[in-house]
Amino acid sequence: MKILGIESSCDETAAAVVEDGTGILSNIISSQVELHSRYGGIVPEVASRQHLLSSVPVLERALEEAGASPNDIDAIAVTNGPGLAGSLLVGVNLAKALALAWELPLIGINHLEAHIYANWLGHETPVFPLIALIVSGGHTDLVLMKGHGDIIRLGQTRDDAAGEAFDKVARVLGLGYPGGPAIEQASKEGSPSYRLPRAWIKGSDDFSFSGPKTAVVRLARELSLANTPARNSVPADIAASFQQSVVDVLVTKTSAAANRHHVRQILLAGGVAANELLRQTMVDRSPIPVLIPEPVLCTDNAAMVASCGCFHLLRGKVDGWDLDVAPGLTLGQI
Ligand code: KG4
Ligand code: ZN
């Protein structure tokens, strides 16, 4: 079964063809990072207009690389939320037009559920029950998954998402956009010598990253006034300390939930799961197997959307022409 996936929720226009939910036949991603970097963050209207320009060429390449014609495709899966409304509209409208023209089922996909499915595209098939940590630019969710479509959200962030905190801290330290890779890069030149706060929120699987973020803002302000000789290595040390504090909390709380729910595996997903320290620390500290997609499948892509769509189709979960965009969709709604 071949599913065409379409993704346009944020600043990546992507299309992919995936076979049986696990085999990537093509995975085309057109990133708008350069376009938005001059503004220091994503400008929603610029993003939707760029999706409009990129979506058809990206789609054509995805079909061509997969060696697939419309006749070979069994269904169209498209992200319909959460995300930027104007960006989502471009992908959903394209998917509807294709489903109508090619007379195929249309499947609306929750972007956060799709991130989890990036783990079905690796060498090892995930085993239920499992705990998944989804760490992206807009969300930090810890979920218990007992089967396909059986997802219970255990915890979420009470303030900034992990990726959002990385992006804000990078901006304060003058490291550029997107912040996650910039902090990771800068951390390699520094050491985690600053003791930043960690919010454990006892008795809850929720997260909070505003503490370390605010501590970095305060440090940056104080240190630019201090003008110490060691000043040049300071941003790298602060970056490394921030990265360490976020990773400590993510790994500790994920392991604790896995232990409490007696699951068989831990899955990481979302853009922040591309972070090497998070990947390594999770594997090192977990007594059970940890599955993590390769970095290109952690950040936004359409192969994960197509994979998720395949499992929806197998359960007969398809949508009608009333499929709408849902910018505020959460994992709590599955
Ligand atoms: O999942 P994603 O591509 O888009 C959303 O659904 O939000 O995640 C993007 C987020 C950004 O905040 C970015 O800074 C972060 O993931 N990110 C990273 C890394 N690569 C991307 N954070 C930490 N380390 C990285 N290597
Ligand atoms: Zn994402």
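A residue is called buried here when its relative accessible area is under 20%, exposed when it is over 50%, and partly exposed in between, computed with a 1.4 Å probe on protein chains only. By that scale His115 is buried, at a relative accessible area of 1%.

The structure is a predicted model, in which local features need pLDDT of at least 70 and side-chain atom pairs count only at pLDDT 80 or more, while totals for chains, interfaces and linings use all residues. Residues are numbered from 1 along each chain as its sequence is written, chains are lettered from A and ligands numbered from 1 in the order in which they are written, and side-chain values use heavy atoms, with hydrogens and water left out.

His115 belongs to a metal site. The zinc ion (ligand 2) is coordinated by His111 through NE2, His115 through NE2 and Asp300 through OD, at 2.0 to 2.1 Å. Donors are N, O and S atoms within 2.8 Å of the metal (3.2 Å for Na, K and Ca); water is not among the atoms, so sites may look incomplete. Along the sequence, the donor residues follow the spacing H-x3-H-x184-D. His115 lies in helix α4 (residues 111-117), whereas Asp300 lies in the loop between α10 (295-298) and α11 (303-314), so the pair ties together parts that are 185 residues apart in sequence. Helices (H or I, at least four residues) and strands (E, at least two) are DSSP runs, numbered from the N terminus. Asp300 is also buried, at 13% relative accessibility.

Just after α11, Gly316 takes a positive phi of about 75°.

Five strands form an open sheet in the order β3-β2-β1-β4-β5, with mixed pairing. The edges are held by β3 (23-31) and β5 (106-110), each with a single partner strand, so one side of each is left without a neighbour in the sheet. Neighbouring strands of this sheet are turned by 20° against each other on average, direction ignored. Two strands count as paired if DSSP finds at least two bridges between them. Strands β1 (residues 2-7) and β2 (residues 12-19) pair in the antiparallel sense over six bridges. Within this pairing, Ile6 has Ala15 of β2 as its bridge partner. Helix α3 (residues 85-102) packs on the sheet and touches β1, β4 (75-81) and β5, with its direction at about 160° to that of β4. Contact means heavy atoms within 4.5 Å. Axes are lines fitted to C-alpha atoms, for helices over the stretch in contact, and angles run from 0 to 180 degrees between N-to-C directions.

Asn110 is placed in strand β5, and it is buried, with a relative accessible area of 6%. Its side chain reaches the backbone oxygen of Thr330 at 3.0 Å. Leaving aside neighbours within four places in sequence, Asn110 is in contact with residues including Asn80, Gly81, Leu329 and Ile334.

A further buried residue is Arg279, at a relative accessible area of 13%, placed in helix α9 (residues 276-285). With neighbours within four places in sequence left aside, the contacts of Arg279 include Leu268, Ala273, Pro293 and Cys298.

Several backbone features remain to be located. The peptide bond from Phe128 to Pro129 is cis, with omega near -10°, and Pro129 is found in the loop between α4 and β6 (130-135). A cis peptide bond also joins Tyr177 and Pro178, with omega about -5°; Pro178 sits in the loop between α5 (162-172) and α6 (179-187). Ile201 has a positive phi of about 45° although it is not a glycine, and it lies in the loop between α6 and α7 (210-226). His262, likewise a residue other than glycine, has a positive phi near 50°. His262 lies in the loop between α8 (234-260) and β9 (265-269), and at 66% relative accessibility it counts as exposed.

Note on methods
Polar contact = N/O pair within 3.5 Å; in protein donor to acceptor, adjacent residues only side chain to side chain.
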